[in-house]
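Open the model in a viewer and keep the selection tool at hand. The stops below are given in the order in which to select them.

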Amino acid sequence: MSSSNSTPPLSAIFVLSAAALAYEVLLVRLFSIIHWHHFAFMVISIALLGYGASGSMITIFQRGLLQRYNSVLIINAVLFGLSAIICFIAVQQLPFNALEILWDTSQWQRLFMSYLLLTLPFFFVANAIALTMARYSDRIALVYGVDLIGAGTGAIAILVLLQFYSPDAVLRIVGVLGIVAGLLAIHKLARPGRMLVSSSLALLTVIIIFAPADWFELHLSEYKGLEQVLLINGTQHLQRHSNSISQVDVVESRDIPLRNAPGMSLLSPSGTPDQLAVFRDGDEMTTIDQRDDTESLVYQDYMSSILPYHIHDSPQKVLVLGSSTGNELLQATLHNAAHIDAVESDTLLTKLITEDYAEYFGWDRISDRINFYNISPRGYAASSGEKYNIIVTGVPGGSSGGAAGVHALAASYNFTIEALEKYISLLEPDGLLSITFWTSTPARGNLRLFTTAVEALRRSGFEHPGNNMAWIRSWNTATLIIKNGALSEDEIKRVRSFSAARAFDVAWLPGIKQDEVNRYQLLQQPIYYMAASSLLSSASKDFIDNYKYNIKSVTDNNPYFNNSFKWSSLPELLSIPGHGGIAMIGVGYPTLLFTLFQAIIAAVALILLPLAFIRRNKKSDLSRRRNIVIYFISIGLAFLFIELAFIQKFTLILSQPLYAVAVTLCAFLIFSGLGSLYAQKMMMTSSPAFMQTLLSRSVALICIITLIYIFAFPYITDPIMAMSEPARIAAAVLLAAPLSFFMGIPFPLGLTATRHNDAQLMPWAWGINGCASVLSAILAILLAIEIGFSGVMLSAILFYALAWMSQPVLKA
């Protein structure tokens, strides 16, 4: 059905699309707080099946829905606003525990229920957009373009809102936007009904705004660190702050001291001072020390992370990467560092020790020596021209989910080969780079760090990297020292003396013998020494291949440092009695695979179901339907493959992950929307034959530009990272603009051609594309882990080529 004599409700579509994208990003933040980030990602991916379900439903009931289009549009907009709130509240009531997901089948049922509930808001949005395209079928590209531009605007708007309002408050705003979209479409109704509908929607808006606050209160997983600490008698929740990238909570324990000191020797003559616990997104606990005098910091000198200051006396310049709540700053001042540059990307953490608890922390005593830089470690390393005697990375906050592998799917550019090369380049001759990690059993992350460090040293021109490294181990941390030059005999003696005085095990030193290791914190095998010896020898490849976990060096192209899953070890781990072997696998990678399996089943069902209700005719024969499936699945997979790869590339360039998400989504969606509007203009003024030419040219340009970027990114990344923040954002937008413009053309051209050939298949094609988008979000991460982001972009090129090969059958 076409309606060429009236105008599509573009303002309503714009607001609704902006609200839907904002809701998607908001859910990632909300679930990062109440669960963990990668589970948020998977829930959102599955929830987007609402677009696929919408296509199937409209295909079946298209005629009746279009006859009542005006009312159905308003109802779906309003239902989005209401369900966005109600469904999230309902999901919070499900007793889901992500840490038990591999051995408790009931957790899968609860996760599946979360999928179903969160599908509803996206289902209603998709209904409104798809029905508008069907109603105004001669202006599909126009509606699609406004849809994309609205979504791109929502990507920026949600970050602004989160900067000033708490996530639960923003949830109300998103709900209200759904109602607003309904109000903007009211002029489509007959005049007698407008007043009643307007009054009803206004009343709903008031109810949402003034609903009780406890309805929207976030209920964190009982297994997250914040919830665990609040169970201790005498604890008091002091304050909570949030911004677009984190929520920070401060807790005081008055009756039972917290005693947080990562890697502190059991021989320490003193304990920790009073401390306040700080949690990011309900986990990753760090602490703020109460500093009364220098004596209160004595315990700091008995932590493994203090080692570089015992090798290099009284350093003039120290760089702290990830200063968090100040532990590493105290260590540097304890050893009389003259000048300290502190890098911390989260301004909320910096504010705690410089403003909110400055007196408690003793900020005035050390502030004259410290400069703060709110940027990522990689961003600072790329833009700084300073040289340092010591560079230290902050010990990661303690995570209750870390051992279970919940961070396995989090990309990080801070410990790749390229990152370590940059850090080494900032060292003065004979300067020291110190990295402290938590230990794990079996050993994984620390071994992977050593492997990566060996390769970084070799790339930096050191032929014998073992001479530049020292490695010690406490009862729960390991500290790796990388020197810009060979360790001297005196420095080696200092490491031995430091370790012996604190009962730390030496895992590696130049010239070390096996009988010198594994003396204090006894392991079944001296695995750290065995790994170091093997990784520095010609047997390195064999050791990496035969080790039960993935400890290959990490690169910017494949920055999944925490993913240690290895297929070859799966049978052995599963054979361990009880749940021990399952726990050693880690929940991240296997859960992603299972989610993909669920998504495939749902997608196949949603694609095949409408076929039972579609009337057969010559125009919709089996061959045409097959090619419709190929075309729309291909462009759905390809679009998000490239978009997700750019998010990761821009994370490195922009230094802030959330900025990368916002800039990528905004640029890709807005410029794709402009590409769709250009296609609409061409369809109105050009012949059908030219449309085929336009499609061929756009696909060819997408493939060419993507290939250029694959080869160019490694060369342009560092120059862009050295620019100012506004310049980096502008550069990212300029990089995304030409590619995303052409990526906005194939979908509306294909949808228009499908409508021209057989109108009943158009909603089905819309649903197929939605199902493909869900699969691509999961597949992109799996492929990135296995073949890197360049491989993901090459896969996108292949899918666009496949779409081009299927497109001739779409033409009239």
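Predicted model: local features only at pLDDT ≥ 70, side-chain atom pairs only at ≥ 80, totals over all residues.

Tyr 631 has a relative accessible area of 1%, so Tyr 631 counts as buried, the limit being under 20%.

Now show both side chains. How do the rings of Tyr 631 and Phe 632 stand to one another? Their centres are 5.0 Å apart and the planes meet at 75 degrees, so the pair is edge-to-face; the cut-off for that label is over 60 degrees.

Colour the chain by helix here: Tyr 51 belongs to helix H3 (residues 49-67) and Trp 766 to helix H29 (residues 762-806). The two residues are 715 residues apart, and their pair links distant parts of the chain. Tyr 51 and Trp 766 are both buried.

Next, look for charges over rings. Select Lys 317 and Tyr 388: Lys 317 lies over the face of Tyr 388, 5.1 Å from the ring centre. Then select Arg 444 and Tyr 549, where the charged end of Arg 444 sits over the ring at 4.7 Å from its centre.

Switch to a cartoon view for the sheet. In what order do its 8 strands run? The order is E7-E6-E5-E8-E9-E11-E10-E12, in an open sheet with mixed pairing. Select strand E7 (370-373) and strand E12 (505-508), which stand at the edges. Each has a single partner strand, so one side of each has no neighbour in the sheet. On average, neighbouring strands of this sheet are turned by 20 degrees against each other, direction ignored.

E10 and E12 run antiparallel and are joined by 3 bridges. Show Trp 471 here, which stands opposite Trp 508 in E12.

Last, select helix H11 (residues 327-334). Helix H11 lies across strand E5 (317-321), strand E6 (339-343), E7 and strand E8 (388-393). Relative to E6, helix H11 runs at about 170 degrees.

Notes:
Residues numbered from 1 in each chain as written. Heavy atoms only, no water. Helix = DSSP H or I, 4+ residues; strand = E, 2+ residues; numbered from the N terminus. Buried < 20%, exposed > 50% of the residue type's maximum accessible area, 1.4 Å probe, protein only. Phe/Tyr/Trp six-rings, centres within 6.5 Å; stacked < 30°, edge-to-face > 60°. Lys NZ or Arg CZ within 6 Å of the ring centre and 35° of its normal. Pairing = 2+ DSSP bridges. Axes fitted to C-alpha atoms, helices over the stretch in contact; angles between N-to-C directions. Contact = heavy atoms within 4.5 Å.
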